[in-house]
Amino acid sequence: METAQNPRRILVAIKRVVDYNVRIRVKPDGSGVMLDGVKLSINPFDAIAIEEALRIKERGRADEVVVATIGPADCQVTLRNALSMGAQRALHVVADTVLEPLAAARVLLKLVEREQPVLVILGKQAIDDDNNQTGQMLATLWDRPQATFASKLELTDTTAKVTREVDAGLETLEVDLPAVVTTDLRLNEPRFVKLPEIMKAKTKPLTSIPLAEVGGAGTARVKVTKTEAPPGRQRGIMVKDTSELFAELHKRGLV
Amino acid sequence: MSSVLIVAEHAGGKLNASTAKCVKAATSLAGAEIVVAVFSAPGSPVAAQAAQLAGVARVLDVAHAANEHQLAATLAPQVVEVSEPFSHVFGPSTTFGKDLMPRVAALLDAPQLSDVMSIESGTRFRRPIYAGNAITTVEVAAGTKVVATIRTASFEAVASGGAAKVETITPKAALPTHTKFVNLAAAGGDRPDLQSASKVISGGRALASSDAFKLIYGLADKIGAAVGASRAAVDAGYAPNDMQVGQTGKIIAPELYIAIGISGAIQHLTGIKDARTIVAINKDAEAPIFEVADIGIVGDLFTIVPELEKLIDASRK
């Protein structure tokens with residue numbers, strides 16, 4: 001179904017974050033979180049976004065999967081990981097400063113204008129800043145529909161039917177394409193990358209784009225003035241048997 | 001002086017409790033005028049309910065047939081239309097607010113603060129990052145219009161008993177037609193919703209089979225608890241992914257959390273650390289879960305859980 005004129009393209013925006021298994025530590029001076037030497041990975045929700053795009057392509061409903069990230073030079077490793085999962089091309093907006101969600105959405109809009117995707121998929125949130133904003137903001141700036149927290153995604157030629165994980169249960173929306181979808185955990189389980197794919201990914205096209213060329217970082221408006229560890233939990237009591245456990249729960253009015 | 005617009009959350013003609021928590025958050029701003037906006041189909045009883053929340057000065061009843069279903073893309077231009085005079089625009093940090101508020105912020109070209117857990121002034125707020133493993137203080141310049149989602153677990157609901165004036169508004173903003181509501185399948189069965197339950201019982205890899213999870217369900221039903229699972233249990237196929245509790249699953253703050261056969265990986269502890277009381281049942285005395293548990297017991301879950309059920313039964317006779 002690929003045509004040279006108008007390939008159906010999916011753009012997946014990803015972010016590199018501290019791996020979800022790392023116990024982060026706050027710097028003693030309150031200036032932030034210690035990031036030196038910690039393991040960095042693709043944001044888990046973004047890995048789900050890549051996987052979903054690949055599955056759509058494998059079902060023949062898209063021709064090309066392009067991954068994009070905004071970040072410092074060494075984010076190329078993260079993009080190579082995405083390419084080894086199966087994406088065809090990568091775009092790297094090189095930025096040494098952290099962009100606020102609205103600024104990131106503006107940069108992604110520039111990429112959208114270049115690539116003309118039918119669908120943009122992102123993780124619902126990055127597990128570092130936990131903002132949960134960028135996808136919705138991109139959809140708004142693009143003046144297109146959004147379907148956040150997706151747990152099921154079906155594409156037709158002109159629409160996407162998306163089941164969303166909302167507090168009340170599972171909500172299904174139908175949105176016109178192009179659209180922005182953000183992923184929730186149940187959407188899929190990302191594939192494991194095989195060694196030959198890692199080798200192949202090394203030669204796939206990866207384009208670096210200076211941040212200034214796609215709108216810049218904008219003016220930061222939210223200043224983080226302090227970062228603290230949350231109040232710690234105290235280790236409680238140990239009980240020796242089930243009767244004592246029950247008595248303790250009963251005493252506290254919990255059973 | 002601050003003025004706060006709160007976007008009400010509602011469904012089925014009922015105001016969601018998250019709205020009363022947003023009002024509570026707004027009362028942190030001394031002297032602020034607090035206005036609740038209800039976006040609903042004409043004839044909805046929700047505005048009248050919002051008018052009863054203590055501390056609310058006015059309610060805007062923004063009535064439009066397109067508001068039958070609360071679609072972010074449809075609501076956002078209407079929120080923007082009424083938000084002009086306000087210094088702060090708040091919504092709840094629920095799936096409703098998380099979906100909608102960034103759209104509002106983008107239209108307003110305003111910064112959004114997500115998951116606000118305390119308000120120190122009109123320009124200074126605290127919010128968690130890294131799933132609550134760090135708490136940041138964030139500031140904006142004076143005069144900046146702030147869009148925020150309010151972390152509902154951090155604020156009590158305000159009382160009712162108020163009698164605010166309700167103004168009906170017909171929105172003029174052009175509303176998009178690119179998004180259609182298809183249906184809503186309510187969350188499963190009689191068991192409480194994991195995200196909002198006051199009691200949660202989770203099983204881990206030590207259950208060793210999906211069949212053994214029945215043990216967890218049995219105890220949960222006995223005490224009216226929701227059921228969760230560790231990522232290890234989900235990965236092993238013992239429980240579905242929507243039951244996953246932890247940084248990459250659901251982050252919860254129940255009154256009682258019972259971790260059964262869960263060792264306590266960092267990403268799991270991240271999801272439960274705001275629970276009021278944590279109980280751990282594990283055969284490994286060295287398991288990290290005991291470091292955060294208020295009550296711990298070392299032993300075989302397959303013995304302890306049935307014993308506990310029997311004791312609960314006996315206490316009710």
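Which strands does helix α5 of chain B lie across? This is a predicted model, in which local features need pLDDT of at least 70 and side-chain atom pairs count only at pLDDT 80 or more, while totals for chains, interfaces and linings use all residues. Residues are numbered from 1 along each chain as its sequence is written, and chains are lettered from A and ligands numbered from 1 in the order in which they are written.

Helix α5 (residues 213-223) of chain B lies across β14, β15 and β16 (256-260) of chain B. It runs at about 170 degrees to β14(B), on a scale from 0 to 180 degrees between N-to-C directions of axes fitted to C-alpha atoms, for helices over the stretch in contact. Contact requires C-beta atoms, placed from the backbone, within 7 Å. Helices (H or I, at least four residues) and strands (E, at least two) are DSSP runs, numbered from the N terminus.

These strands belong to an open sheet of six, ordered β13(A)-β18(B)-β17(B)-β16(B)-β14(B)-β15(B), with parallel pairing; pairing requires at least two DSSP bridges. At the edges, β13 (237-239) of chain A and β15 (226-229) of chain B each pair on one side only. Four bridges join β14(B) (residues 199-203) to β15(B), where A226(B) is the bridge partner of V200(B).

The largest nonpolar core has 120 residues, of which V12(A), I6(B) and A37(B) touch the most other members. Such a core joins buried Ala, Val, Leu, Ile, Met, Phe, Trp, Tyr and Cys residues through C-beta atoms within 7 Å; buried means that 20 or more other C-beta atoms lie within 10 Å of a residue's own. Helix α3 (residues 101-115) of chain A gives this core its largest share, nine residues.

Terms used: A residue is buried if 20 or more other C-beta atoms lie within 10 Å of its own, exposed if 12 or fewer, and partly exposed in between; C-beta atoms are placed from the backbone. Two residues are in contact if their C-beta atoms, placed from the backbone, lie within 7 Å.
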